[in-house]
Amino acid sequence: MIIDDQDYDLIIVGTGAGGGTLAHKLAAAGKKILILERGDFMSVAAQNRSDVDAFKRDRYHAPEQWYDSAGEPFSPQMNYAVGGNTKIYNAALLRLRERDFEAVKHQAGISPAWCLKYADFAPYYTEAEALYQVHGHSSNDPTEPSHSSEYPFPAIEHQSQVQDVVTAIEKQGLHPTSIPLSLNHQAADPTGDAEIYGITPALKYPNVTLKTGAKVVCLHTNPSGRAVKGVEAEIGGQSYLFLANIIVLACGAVNSAALLLHSRNDLHPQGLANSSDLVGRNLMKGLMTAIVQISTKQNSGVFPRSIYLNDFYWGDKDFAYPMGHIYNTGGLLTDPIFTEAPPMLSVLAKFMPGFGIKQLATRSIGWWAQTADLPDLDNRVRLIGNKINIDYTPNNTEAHDRLIYRWIEILKGVEKSLDGFQSGVPHPKGEAPLAVMAHQCGTCRFGEDPQTSVLDPNCRAHDLDNLYVVDGSFFPSNASVSPALTIIANALRVGEHLIDYLR
């Protein structure tokens, strides 16, 4: 093993929403920072989804296999590159609702309260929206939490066919709202991400070093077991050991948990930070179902998502429990998650014979129905040898099914009132499979009690003095909106704590 001759103040493992944002926050503090990223920079061509065939099965999948609870292998939809999964997300950045931080009664059980509340995150949400240049407005959603200021940029306009649908939905007494999006307005890839707004500005500082192609495989503790002193990484076929005073994991909820479990030693036989036996447990990823609305009018297939609706977020008159969040996919040809379920398009082919996949996609409007799943100790990340195993059984499914049914009824009303749609045509739908890990969270929950949480409220491991986790692992519960903005806001919050600590 090659021991690096540099001593760093801080090592960040991962460059996505958590790690990339934290790097930006800390860069100006003048401390010596090393960032380790297992991937490399993505080419502009790969980022511009309008120019790639998103329906290729290997597109946007990690070059590795994980295993389900039956031991069957699958390739996770993960992106190992500078910017992490923010390079392939659709840049929708929504705040959690104020009640999402409280204990919430769902049809399938209780979603636990967080140790911090919306008010604790609110200033960092505002900072995150400014950093990631979020375009939106907060005036139409009845569930939108309070803002100290409006979004920094106005919402984008809907594609014309989508605007007609928005108007028809409003006539049903609902509240479709422009989805807040991170944008950079570059022609090749207009969405904002953690490379653009996190890593690139951080690297302008001479105290920040980025190493790509660096897969971290183990964390080594000091003799007392109270601190991580060495980070072992594989680079170009060689093993390197990097030393730092503070270690921050931002590998994603699955990989951060797997790394902690893999780093077990005599003083930490269950894995690092795992005296509670909670590392890897309570994995959540949300319930997501794609719904296709068939259109007789052609669209480009490459327009951005622009609309969401939360009228059923907390339930409705017929169901007193939360149901979830609705949003459009944008053009079906550019939605990486939608392309996980191409059998839906084979259903469409029955109604539109002679059309290929791309032609079908341009005669359709796609929608996502998204419902929070609940933490479950048995939904977990496990290691068998060096293999990552994902045990995951969906829960809160009745609420999700009701959301799908309710939304299809809304779409039927839209189709009766608009030209360009055929009434009576089915709405093909498909659930996102296990491989879709876009919203992974919960595997290292934070809290006050070391017996019931892995991290403290500042996201430092209870069991170790210098180990932090700033990806979605810290969530004690899930919400029906994407966790991305909350991960970004939390990285800014933890960054502020680390700046004070390092002074």
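## Gln133 and the end of helix 3

Gln133 sits in the loop between helix 3 and strand 7. The model is predicted. Gln133 is not a glycine, yet its phi is positive, at about 45 degrees. This residue comes just after helix 3. Is Gln133 buried, exposed or partly exposed? With a relative accessible area of 26%, Gln133 counts as partly exposed.

## Helix 3

Helix 3 covers residues 118–131. At 1.5 Å a residue, its 14 residues should span 20 Å. The end C-alpha atoms are 19 Å apart, so the two values agree. Where is helix 3 kinked? The kink is centred on Tyr124 and amounts to about 25 degrees.

Tyr124 is also one of the buried residues of helix 3. An α-helix has 3.6 residues a turn, so residues three or four places apart point the same way. Which elements cover the buried residues of helix 3? The cover includes helix 1 (17–27), strand 7 (134–135), helix 5 (194–202) and helix 10.

## The nonpolar cores

The largest nonpolar core holds 116 residues. Ile11, Leu219 and Ile390 have the most contacts inside this core. Helix 10 supplies the largest share, 11 residues.

What does Ile390 touch, beyond its neighbours within four places in sequence? Its contacts are Trp66, Tyr67, Asp68, Ser69, Phe74, Val254, Leu283, Arg380, Val381, Leu434 and Met437.

## Strands 11 and 12

Strand 11 runs over residues 214–221. Six of its eight residues are buried, so the strand is largely enclosed by the rest of the structure. Strand 11 pairs with strand 12 (residues 228–235) in the antiparallel sense. Seven bridges join the two. In one of them, Thr221 has Val228 of strand 12 as its partner.

The two strands form a hairpin with six residues between them. In this hairpin, Gly225 takes a positive phi near 80 degrees.

Ile326 has Ala369 of strand 17 as its bridge partner.

Helix 9 takes in residues 397–417. At 1.5 Å a residue, its 21 residues should span 30 Å. The end C-alpha atoms lie 31 Å apart, so the helix agrees with that expectation. Its buried residues are Ala399, His400, Leu403, Ile404, Trp407, Ile408, Ile410, Leu411, Val414 and Glu415. What do they pack against? Their partners are helix 4 (160–170), strand 14 (287–294), strand 15 (307–309), strand 16, strand 17 and strand 20.

Ile169 lies in helix 4. Its relative accessibility is 0%, so Ile169 counts as buried. Not counting residues up to four places away in sequence, Ile169 touches Leu174, Pro176, Ile307, Leu309, Trp367, Trp407, Ile410 and Val414. Trp407, Ile410 and Val414 are among the buried residues of helix 9. Ile169 and Thr289 are 120 residues apart in sequence, and their C-alpha atoms are 20 Å apart in space.

## Two buried loop residues

Cys459 lies in the loop between strand 20 and strand 21. Its relative accessibility is 0%, so Cys459 is buried. Phi of Cys459 is positive, near 70 degrees, although the residue is not a glycine.

Ser482 belongs to the loop between strand 21 (467–469) and helix 10 (484–502). At 13% relative accessibility, Ser482 counts as buried, because the cut-off is under 20%. A polar atom of its side chain lies 3.1 Å from the backbone nitrogen of Ala484. Leaving aside neighbours within four places in sequence, Ser482 is in contact with Ala92, Leu94, Leu96, Gln370 and His439.

Conventions. Residues numbered from 1 in each chain as written. Heavy atoms only, no water. Helix = DSSP H or I, 4+ residues; strand = E, 2+ residues; numbered from the N terminus. Buried < 20%, exposed > 50% of the residue type's maximum accessible area, 1.4 Å probe, protein only. Polar contact = N/O pair within 3.5 Å; in protein donor to acceptor, adjacent residues only side chain to side chain. Contact = heavy atoms within 4.5 Å. Core = buried A, V, L, I, M, F, W, Y, C linked by side-chain atoms within 4.5 Å. Expected span 1.5 Å × (residues − 1). Bend = angle between axes of the 7 residues up to and from the residue. Pairing = 2+ DSSP bridges.
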